[in-house]
Amino acid sequence: MQIGPSRIEAGPSEGSTATVKGLEVSLDPAASLARRQLLIDLRFAGARVDLRPNARGQVWVLPDLPPGKAPPPLQYRFRLGDPLQLRWHRPSGTPLAIQLAGQLQLAPRDHGIDGQLRAWMAGVGGEVDLNGKGQWRDHRWRLDLKPRHLDLRAARPLLPAGLQLQGQASGALQISLERGRPGCVGMMTLRELRLGRAGMGQRLESEALPLRCQASGLQLEQAPWRFGAWRGRISGNLAG
């Protein structure tokens with residue numbers, strides 16, 4: 001079934017909206033039999049999502065079901081035929097614009113979601129592979145991130161005004177949250193790092209800054225750095 005241009009308006013609890021130029025809806029019979037739930041396949045074309053978090057940080061609030069009533073036995077697979085244009089509106093500053101490709105699967109009756117996505121920013125080199133799954137009833141979440149030659153300019157909208165950042169990030173991290181307990185494993189390396197403020201003649205520089213994520217926090221392994229004529233080596237625990 002083909003559906004033309006459509007729009008999801010903001011709800012009463014948040015201001016997020018979504019538009020699509022076209023939507024193709026179909027049923028996956030084999031997967032439906034295997035899961036014992038109807039799997040509805042939705043393929044989007046020309047999708048755009050504007051996320052506007054509410055005061056509690058929620059970007060989309062689903063309506064509550066009546067007490068004792070379970071969601072229908074339906075699962076949904078969202079496929080992006082074209083890259084999705086995502087804009088995250090923050091309380092101040094310009095929105096963070098990200099493009100996404102891949103798919104998400106939503107199982108409301110099982111309280112689960114999982115997805116395989118690729119994210120990048122227009123005009124910024126590199127990309128990030130995102131693979132994750134979660135159970136919102138049991139508060140269990142896991143996200144695998146694999147940045148590949150990601151230009152650190154992508155982080156500039158999140159930095160304080162005047163702070164300049166250059167370099168590339170590559171590696172693999174797994175971030176998890178289980179019943180309120182965070183976890184992180186993996187490693188990421190920042191290469192050709194340049195950090196400074198606008199108008200300053202000197203910048204903090206490092207050719208390779210290895211960051212290891214573990215239960216105790218984010219660990220900076222020993223690496224050389226320079227600041228003008230100054231030279232040295234740095235290591236330590238960046239978060240605990």
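Guide: Accessible areas here are computed by the Shrake-Rupley method with a 1.4 Å probe. The model is predicted.

Visitor: How much of the accessible surface of the protein chain belongs to carbon and sulfur atoms?

Guide: The accessible surface of this predicted chain comes to about 14,900 Å². The share of that surface belonging to carbon and sulfur atoms is 57%.

Visitor: What share of the residues counts as buried?

Guide: A residue is buried if its relative accessible area is under 20%. The protein chain has 240 residues. The share of them that counts as buried is 32%.

Visitor: How many strands are there in the protein chain?

Guide: The C-alpha atoms of the chain fill a box of roughly 65 × 35 × 35 Å, taken along the principal axes. Within the chain there is one helix. The number of strands is 18.

Visitor: How far apart are the mean positions of the positive and negative charges?

Guide: The chain has 33 positive charges and 20 negative ones.

Visitor: Is Cys184 buried or exposed, and what of Cys213?

Guide: The word buried applies under 20% relative accessible area, and exposed applies over 50%. Cys184 and Cys213 have one and the same label, which is buried.

Visitor: Which residues have the most contacts inside the largest nonpolar core?

Guide: Nonpolar side chains in soluble globular proteins tend to be buried together. The largest nonpolar core in this model has 25 residues. Its largest share, three residues, comes from strand β5 (residues 38-45). The residues with the most contacts inside this core are Phe44 and Leu84.

Visitor: What does Phe44 touch, leaving out residues up to four places away in sequence?

Guide: Contact needs heavy atoms within 4.5 Å. On that basis Phe44 touches Val20, Gly22, Leu23, Phe78, Arg79, Leu80, Gly81 and Asp82.

Visitor: Why does Thr17 count as buried?

Guide: Thr17 lies in strand β3 (residues 17-20). Beyond its neighbours within four places in sequence, Thr17 is in contact with residues including Arg7, Val49 and Trp60. The cut-off for buried is under 20%. Thr17 counts as buried because its relative accessibility is 10%.

Visitor: Is Leu62 buried or exposed?

Guide: Leu62 sits in the loop between β6 (48-51) and β7 (74-80). Its C-alpha atom is separated by 24 Å from that of Arg36, 26 residues apart along the chain. The cut-off for exposed is over 50%. The relative accessibility of Leu62 is 64%, so the label is exposed.

Visitor: What separates the C-alpha atoms of Gly126 and Leu150?

Guide: Gly126 is in the loop between β10 (112-120) and β11 (127-135), and at 29% relative accessibility it counts as partly exposed. Gly126 touches Trp120, Arg148, His149 and Leu150, not counting residues up to four places away in sequence. Gly126 and Leu150 are 24 residues apart along the chain, and their C-alpha atoms are separated by 3.9 Å.

Terms used
Residues numbered from 1 in each chain as written. Predicted model: local features only at pLDDT ≥ 70, side-chain atom pairs only at ≥ 80, totals over all residues. Heavy atoms only, no water. Buried < 20%, exposed > 50% of the residue type's maximum accessible area, 1.4 Å probe, protein only. Helix = DSSP H or I, 4+ residues; strand = E, 2+ residues; numbered from the N terminus. Lys, Arg positive; Asp, Glu negative; His and termini not counted. Charge placed at Lys NZ, Arg CZ, Asp CG, Glu CD. Core = buried A, V, L, I, M, F, W, Y, C linked by side-chain atoms within 4.5 Å.
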